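Welcome! Take a moment to look at the sequence and the model below, and then we can walk through a few of their features together.

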Amino acid sequence: MQDSYKDYQPADFLKDEKFLRWRLLADEEDRLFWEGFLNECPERRPVLLEAVRLMEGIRLNNYVYTAAERQELWLRIKRKIRRRRLVRDWRYAASFAACVAVLISVLWIAFPSVPCTDLKSSVNVDSLLQADNVTVVLADGQMLPVESDGGLQYAATGLSCRKGAERRLISVGRHERHVLVVPRGKTFFMSFEDGTKVWVNSETALDYPARFKSHEREMEVITGEAYVEVAEDRHVPFVVRTCRFDIHVLGTRFDVSAYKGEDTHSLVLAQGKVKISSSRLHHPVFLEPDEMFSAEKDSCFTSRVNADDYICWKDGLLTVKSQPLSAIVRKLSRYYDVDIRLEEGMRELKCSGKIVLFPDLDITLENIAKVLPVTFVRCGGGILITQKH
């Protein structure tokens with residue numbers, strides 16, 4: 001059983017039933033299990049300790065659970081996880097093939113496969129953002145639904161993606177471009193031939209070459225958010241384009257957020273150095289780690305931040321610092337693909353802390369309700385947040 005944890009990342013442990021029970025209840029049997037795991041796999045100690053650090057650092061407004069509340073929370077988590085597995089097992093077995101068939105049929109009717117030189121302009125991104133599956137649009141216009149937890153791997157041999165239990169290899173040309181669309185309620189991971197890694201947040205669309213050119217590496221954030229770890233190559237710069245600014249890097253880690261319809265687009269640098277250029281800037285702007293560049297409709301500015309607060313979404317966490325509840329609700333709606341509304345007069349209620357983005361939205365909302373004077377009411381297919389009286 002311990003073998004299943006050898007490939008876990010910190011975020012995976014935060015969603016694991018046995019790990020949560022160990023951290024919440026401190027049971028002797030669980031303690032011995034994890035000690036045995038570390039003895040067997042000592043190289044995994046930094047990853048497990050990072051998961052422990054994240055778990056222990058999760059607080060909302062400095063709230064600390066009592067022993068009774070931890071026991072109650074664990075029982076709720078256990079019920080939710082089991083319920084989720086039961087539903088998933090029979091639902092996937094009964095309807096997965098039919099749903100995929102219907103989805104592919106609809107996409108092919110709406111977006112016929114027509115080769116084109118400007119792939120991005122031929123793709124109805126807004127429609128795909130409302131779909132149920134992560135979709136890769138290939139160079140010939142073909143719509144390829146992919147498993148949200150399978151990822152994409154671009155290599156010299158082609159594009160590798162998971163289809164069911166098996167991986168599929170697709171041949172790609174040197175000058176092909178692809179569009180990746182990750183809808184609301186999903187996150188995604190992809191890697192390129194040069195070693196660059198990209199974590200893609202919900203409601204995001206990226207346009208990029210299937211194979212980078214020898215003199216340039218580039219991608220475009222059409223809309224949405226992505227955390228990028230660029231493989232260093234001093235001879236071939238990496239450029240990320242948005243509708244408001246371009247980012248020029250060599251080897252670095254950063255988060256770029258450029259959602260259409262939001263007032264502020266931003267870049268947060270975690271490591272390395274970047275140059276930002278824009279038609280709104282008289283001179284390029286250079287960022288150092290833990291700096292953020294913000295581009296609003298009529299102005300641009302930089303500020304000091306903690307970069308970890310802006311990139312922890314890829315690990316299943318949401319960090320907020322004196323943010324209005326309206327901003328938090330907007331992120332939760334996007335992450336879980338649920339319409340969440342606020343009662344009149346609650347938009348500016350402020351909140352600070354870290355929120356674990358559990359697979360089950362109900363658990364996340366219940367934790368928020370423990371530390372804020374709010375309650376949650378389900379209305380049709382959405383959720384209404386009201387003030388607790």
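## A helix under cover

A residue is called buried when its relative accessible area is under 20%. With that cut-off, α10 is mostly covered, since eight of its 11 residues are buried. They are L361, I363, T364, L365, N367, I368, A369 and V371.

How does α10 begin? D360 caps its N-terminal end, with a side-chain oxygen that lies 2.8 Å from the backbone nitrogen of D362.

Now for a space inside the protein. The structure holds one cavity of 30 Å³ or more, and the largest cavity has a volume of about 40 Å³.

Which residues line the largest cavity? You will find L325, I328, V329, L332, I340, L365, I368, V374, F376 and I385 there. The biggest share comes from α9, with four residues. By class, the lining is made of 10 nonpolar residues, with no polar and no charged ones. Two of the lining residues, L365 and I368, are also among the buried residues of α10.

The protein averages a pLDDT of 82, and 82% of the residues score at least 70.

Residues 87-117 are a stretch to treat with care: pLDDT stays under 50 there, and the model has 21 contacts beyond four places in sequence for them. Where pLDDT is low, the predicted coordinates should not be read in detail.

Note on methods:
Residues numbered from 1 in each chain as written. Predicted model: local features only at pLDDT ≥ 70, side-chain atom pairs only at ≥ 80, totals over all residues. Heavy atoms only, no water. 1 Å grid on protein atoms, 1.4 Å probe; cavity = no way out; pocket = protein on both sides within 12 Å on 5 of 7 lines; lining within 4 Å. Points joined across faces, edges and corners; volume = space filled by probe spheres on them. Helix = DSSP H or I, 4+ residues; strand = E, 2+ residues; numbered from the N terminus. Nonpolar A, V, L, I, M, F, W, Y, C, P; charged D, E, K, R; others polar. Buried < 20%, exposed > 50% of the residue type's maximum accessible area, 1.4 Å probe, protein only. Polar contact = N/O pair within 3.5 Å; in protein donor to acceptor, adjacent residues only side chain to side chain. pLDDT = per-residue confidence, 0-100. Contact = heavy atoms within 4.5 Å.
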